[in-house]
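Here is a short report for a reader new to this structure. Start with the sequence and the model, then read on.

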Amino acid sequence: MEETELAARLRSHDPAVGLRAVGALHRLAEQVEAAAVARARQDGWSWEQIGDALGVSRQSVHSKHGK
Amino acid sequence: MFEHFAAGARTAVTAALDEARHRGDRRLGTEHLLLGVLHARELDPLGALGLDLPRARAALEALDVAALAAVGIDVRGVERAPVPLSGKRTPFTSAARTALRRAVGVTREQGGRRIKPAHLLLALLECPPPDPAAEVFRELGVDRSAVRAELRPKAA
């Protein structure tokens, strides 16, 4: 892939890009989790199995996604 | 503070909260206030200047996609969903609090008594870079002075 202007800025240690990337990674993790949990439920996974896969308790995954 | 808010501005703050939570953000920032304020129908004419809710959302997404690409992550084709709303508190960032205070000042300058969406947006236009709302305006290529000129009569 051709190096983008942003990749160049990141390598030049532009903090704005690095900091936004950290926030974007957090958002991405949350959004991928929401999609994967919904799909797991459709496929019949229990809240306990989903919690184990995410490394959190059954209660915490259920209270976050169980509506 | 919110007792000085007109109904439209209250709705904007509530919408901002939902925007923040659905994106998976832990704090309500100026970028969410901007999205929230663009929910107000009275600001629809700003679409002619390139500023509307779908475009602002897309600009935020483009900034994220570019930042992720900069750390080597390609999110094209990745299955994602809006984050479910939870009962967790979503505190305001300090920049968002500053913008809300500035909106109070803008309202007074314009001789208004209640803070309307237009006042809130005028306050957000003053956010200096590297503020997240300023980044969205830059990404959109919005002419801030044209937006201000459009807003002044609405803010009176």
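## Salt bridges

The structure holds 15 salt bridges over all chains. A salt bridge here is a side-chain nitrogen of Lys or Arg within 4 Å of a carboxyl oxygen of Asp or Glu. Side chains of opposite charge can pair when their charged atoms come close.

One of them joins A:Arg27 to B:Asp25, with the closest N and O atoms 2.6 Å apart. This pair crosses between chains. A:Arg27 sits in helix H2 (residues 15-42) of chain A, and B:Asp25 lies in the loop between helix H1 (7-23) and H2 of chain B. Helices (H or I, at least four residues) and strands (E, at least two) are DSSP runs, numbered from the N terminus.

## Basis and confidence

This is a predicted model: local features need pLDDT of at least 70, side-chain atom pairs count only at pLDDT 80 or more, and totals for chains, interfaces and linings use all residues. Residues are numbered from 1 along each chain as its sequence is written, chains are lettered from A and ligands numbered from 1 in the order in which they are written, and side-chain values use heavy atoms, leaving out hydrogens and water.

pLDDT is the predictor's confidence in each residue, from 0 to 100. Chain B has a mean of 94, and 100% of its residues reach 70 or more. Chain A has a mean of 89, with 85% of residues at 70 or more. There, helix H1 (residues 5-11) is lowest at a mean of 67, and helix H3 (residues 47-54) is highest at 98.

## Where the chains meet

In chain B, 24 residues are in contact (heavy atoms within 4.5 Å) with 21 residues of chain A. The two chains bury about 2,200 Å² between them, 62% of it on carbon and sulfur atoms. Buried area is the accessible area (1.4 Å probe) that two parts lose on being put together, summed over both.

Four salt bridges link chain B and chain A. A:Arg20 forms a salt bridge with B:Asp64, the closest N and O atoms being 3.2 Å apart. On the side of chain B that touches chain A, helix H3 (53-70) and helix H6 (132-140) of chain B each supply at least two residues. H3(B) gives the largest share, seven residues.
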